[in-house]
Amino acid sequence: MNYSIEASLRYHSSLPHIYQEMQFFVPEGKITCILGESGCGKSSLLKQIAGIVERANVNHLRVVNDKGREISANNLISYMGQSDLLMPWLSVLDNVLLSFDLKRPFFSKKSHNNSALHEQALYLLKELGVGDIANKHPDQLSGGTRQRVALARTLIQNKPIVLMDEPFSALDAVTRYSLQNLAAAKLKNKTVLLITHDPQEALRLGENVLVFSKKGKNTPLLTRFDLPNSSIPRGINSDFGKWEEKLLKKLGVIR
Amino acid sequence: MILAGKSIFIRCCVMSGFLLSVWEVFTLISGIPSFILPSPSQIFSALTHTYSLLIFHSLVTFSEIVIGLVLGCLIGVLLALNMLLFQFFRYWLLPVVLFSQAIPVFAIAPILVLWLGYGLMSKVMMSAIIIFFPILMTTFDGLRYTSPDYLNLAKTMGANNWQILLRIRLPAALPSFASGLRVAVVIAPIGAVIGEWVGASAGLGYYMLHSNARMQTADMFAALFILATFSILLYYLTDFVLKRFVYWTTESTK
């Protein structure tokens, strides 16, 4: 099953469209990587789908499912940004449970008094390799650990669609590699839209890779890149190198 | 630094002990008359002889300061919230607020005494008028400069504006509210003392004015000493509470 998405976005009437009537398909239950250079509008696209674009002149989005019915993505998504966005005043556990605590009435108890949720949060943190930090505060943690907590916060919402905006771009190569493996395992059967500027990341995690390309003055297009039929997360070997070369050629980096 | 690692209490004692001995020696050597500059020992004896009177006047001034602080904080925070929530207030309230600060508090003190009487209320209002401004400005800045990424994240989690205000904006604004409060605590006594100078029947400012008229300079200094000690204690108490309450802001000074 596929979602068909059609999107136009322009911030101000005096500016050109970021993209116009751009159409693409997102297969359900798979990881779709959208690859593009900085400033091409890929983050805007993700924000638009997440419903957090403000003050746009043209903000048109249509998400259609297989049966041709238009759906609203607003209640189906969880979002993970470029930076971890952990609230410094909340403990790690409270950060993971933020989506539940936000909607709690003012005087009611915190959601980690709900033991099922509490257990689930602790279990997720443990699965992500950071089981022992639940009571720490974000400023005591390293960048990689913070991103793991942000991943736990995204996963615990248990939404069918997960939007990720360069979630691992700020990490060192080693941490990034292991977090990509973890993410691939934990995001199985979810519809994931992952924005990245890193061809290697797109090849490691993508079950469907779309490339943002702009030819001359035309508005950008998303074109599909044919992938090897191995399963994700793909390991890095000589064969992987060939695919990366192909992808870089498509991006126009090498001839 | 010498003694840099020692507690603030020890540093205060050492520094004031040093200054007081310099002062004592200076008054002894120079033979300056005590109604111009009393020596620390004379001030100390004034403190011990008139302590019951001083306690009474201190309590009056302290309650003016504390009630003024509470009132000023309430006004400041409520106005900041209104300015955040309603464009009308952002546009039309700020000029009025600036006007209230452009007039020196000395100039409106007689009017406030005329309107609110010689009692507690006129001094409380004076303190509140001085205090609400730093609180309003810092709190409003904290509220409006909350990272839009935090707000967007909360939005994708399905939170409404009220929940975002309560759970994201308010805690995010706490560190800058704390800065405002630190300033407010230090300037609060100004309002109370000026109010007492203009017209009062009790309080440390009133006591100082009367001691001055009777050339009892040592009594004046004694009142001043109490006022300064109270202000310093109030500052460190506030700082102590704020550091525990706004624990996520870490100092980068060594």
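**Notebook: a sheet, a helix pair and an interface**

I started with the open sheet of chain A in this predicted model: four strands in the order β2-β1-β4-β5, with antiparallel pairing. Strands pair here if DSSP finds at least two bridges between them; helices (H or I, at least four residues) and strands (E, at least two) are DSSP runs, numbered from the N terminus. At the edges I found β2 (19–27) and β5 (70–71) of chain A, each pairing on one side only.

Next I looked up β1 (residues 2–10) of chain A, which runs antiparallel to β2(A) and is joined to β2(A) by seven bridges.

A note on conventions: residues are numbered from 1 along each chain as its sequence is written, and chains are lettered from A in the order in which they are written. Local features need pLDDT of at least 70, side-chain atom pairs count only at pLDDT 80 or more, totals for chains, interfaces and linings use all residues, and side-chain values use heavy atoms, without hydrogens and water.

Then I turned to the chain interface. Contact (heavy atoms within 4.5 Å) takes in 22 residues from chain A and 19 residues from chain B. The two chains bury about 2100 Å² between them, 65% of it on carbon and sulfur atoms; buried area is the accessible area (1.4 Å probe) that two parts lose on being put together, summed over both. I was pleased to pick out Leu85(A), Trp89(A) and Leu102(A), which supply 35% of the area that chain A buries against chain B, more than any other three residues.

Last, I checked helices α6 (residues 120–144) and α8 (residues 161–198) of chain B: their axes (lines fitted to C-alpha atoms over the stretch in contact, with angles from 0 to 180 degrees between N-to-C directions) come within 7 Å and cross at roughly 160°. α6(B) and α8(B) are therefore roughly antiparallel (angles over 145 degrees).

Conventions. Angles under 35 degrees count as roughly parallel, over 145 as roughly antiparallel, 65 to 115 as roughly perpendicular and the rest as oblique.
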